[in-house]
Amino acid sequence: MDLRVFTEPQQGATYETLLRVAKAAEALGYGAFFRSDHYLHMGSADGLPGPTDAWITLAGLARETSTIRLGTLMTAGTFRLPGVLAIQVAQVDQMSGGRVELGLGSGWYETEHEAYGIPFPKEKFGRLEEQLAIVTGLWKTPVGERFDFDGKYYQLKDSPALPKPAQQRVPVLIGGHGAKRTPALAARFADEFNIPFASIEDSERQFQRVAEAAREHGRGADDLVYSNALVACVGKDDSEVKRRADAIGRDVDELKANGLAGSPAEVVERIAQYQAVGSQRMYLQMLDLDDLDHLELIAAEVMPQLG
């Protein structure tokens with residue numbers, strides 16, 4: 001089981017805060033540092049000092065880290081034209097020496113689009129499908145050849161399809177709860193399928209749908225990595241768990257029911273239940289980015305027990 005750190009900077013974080021978390025995660029042996037792609041806070045958080053851009057952040061981290069993988073859960077398809085996104089991700093991959101992964105979703109938070117003047121189209125899923133085809137198509141086009149695309153939403157003509165990422169294939173993550181279109185899209189384009197904030201039962205059901213879609217598309221079910229994203233709240237004892245839950249404005253019992261909360265032993269058992277239904281990777285949503293001791297505890301007392 002690969003443990004990765006997943007942050008939500010729109011809730012309030014500077015680049016320096018994210019850099020501290022990424023460096024700590026790297027030193028502690030986590031598999032990757034991921035961040036959300038939002039421009040507006042959610043819930044009761046004030047969001048101060050304001051949003052940071054996902055790919056600008058990852059570009060900085062690419063130069064200030066050396067081994068940890070970097071990526072997004074999920075880049076919003078509404079924020080960037082696909083040709084521009086392909087260039088951005090390829091460049092950051094070069095800057096990192098080949099450590100980037102692209103999670104790409106349709107975009108969903110209408111209020112943040114209104115707040116920053118970003119168009120919020122009605123038909124987002126069809127656009128996402130074309131975006132995935134374009135981004136991956138540009139990267140796959142051999143140097144010296146041209147890429148064309150004539151879709152309903154996007155058209156590219158005589159593109160040199162440059163630059164190329166450092167990796168021969170940048171891992172692409174697709175996720176969600178949709179029963180039909182999402183698994184089909186993952187079968188076509190994804191290296192990894194991620195289901196966020198889902199129960200064990202819902203995860204198993206969705207993993208099975210994706211595996212079946214992969215087989216229908218001529219791929220093996222094992223061609224994809226299957227992963228979860230869940231909020232983490234781990235403590236050495238009950239009082240420490242409660243302190244961490246209070247710090248993020250959550251209830252301990254709710255976190256235990258819907259996330260990874262409790263003692264290290266409880267969390268190891270909970271992760272094993274997800275692993276039993278096919279999960280191979282866990283993104284730990286860390287909501288208190290100043291609590292680096294939380295990362296250290298998980299690395300010291302949870303990670304070694306997962307194999």
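Colleague: Which residues of α2 are buried?

Modeller: They are Ala-54, Trp-55, Thr-57, Leu-58, Ala-59, Gly-60, Leu-61 and Ala-62. Buried means under 20% relative accessible area, exposed over 50%, and partly exposed in between, with a 1.4 Å probe and protein chains only. Helices (H or I, at least four residues) and strands (E, at least two) are DSSP runs numbered from the N terminus. The model is predicted: local features need pLDDT of at least 70 and side-chain atom pairs pLDDT 80 or more, while totals for chains, interfaces and linings use all residues. Residues are numbered from 1 along each chain as its sequence is written, and side-chain values use heavy atoms, without hydrogens and water.

Colleague: How many residues of α2 are buried, and what covers them?

Modeller: Helix α2, residues 54–64, is mostly covered, with eight of its 11 residues buried. Contact means heavy atoms within 4.5 Å. The cover over the buried residues of α2 includes helices α1 (15–28) and α3 (82–96), together with strands β2 (32–35), β3 (69–72), β4 (75–76) and β5 (100–105).

Colleague: Which residue caps the N-terminal end of α2?

Modeller: Asp-53 does, with a side-chain oxygen 3.1 Å from the backbone nitrogen of Trp-55. A polar contact is a pair of N or O atoms within 3.5 Å; within protein, one must be able to donate a hydrogen and the other to accept it, and residues adjacent in sequence count only if both atoms are side-chain atoms.

Colleague: Where do the buried residues of α7 lie around the helix axis?

Modeller: An α-helix has 3.6 residues a turn, so residues three or four places apart point the same way. In α7 the buried residues are Ile-200, Ser-203, Gln-206, Phe-207, Val-210, Ala-211, Ala-213 and Ala-214. Down the axis of α7, these buried residues fall within an arc of 160° (taken from the directions from the helix axis to the C-beta atoms), so they line one face of the helix. The face turned away from the buried side of α7 carries the exposed residues Glu-201 and Glu-216. Among the elements covering the buried residues of α7 are α6 (181–189) and β10 (225–234).

Colleague: What is the nearest side chain of opposite charge to Glu-26?

Modeller: Glu-26 lies in helix α1. Lys and Arg count as positive and Asp and Glu as negative; His and the chain ends are not counted. A salt bridge needs a side-chain nitrogen of Lys or Arg within 4 Å of a carboxyl oxygen of Asp or Glu. Glu-26 is buried yet has no salt bridge, the nearest side chain of opposite charge being Arg-99, 4.5 Å away. A polar atom of the Glu-26 side chain does lie 2.6 Å from the backbone nitrogen of Thr-67.
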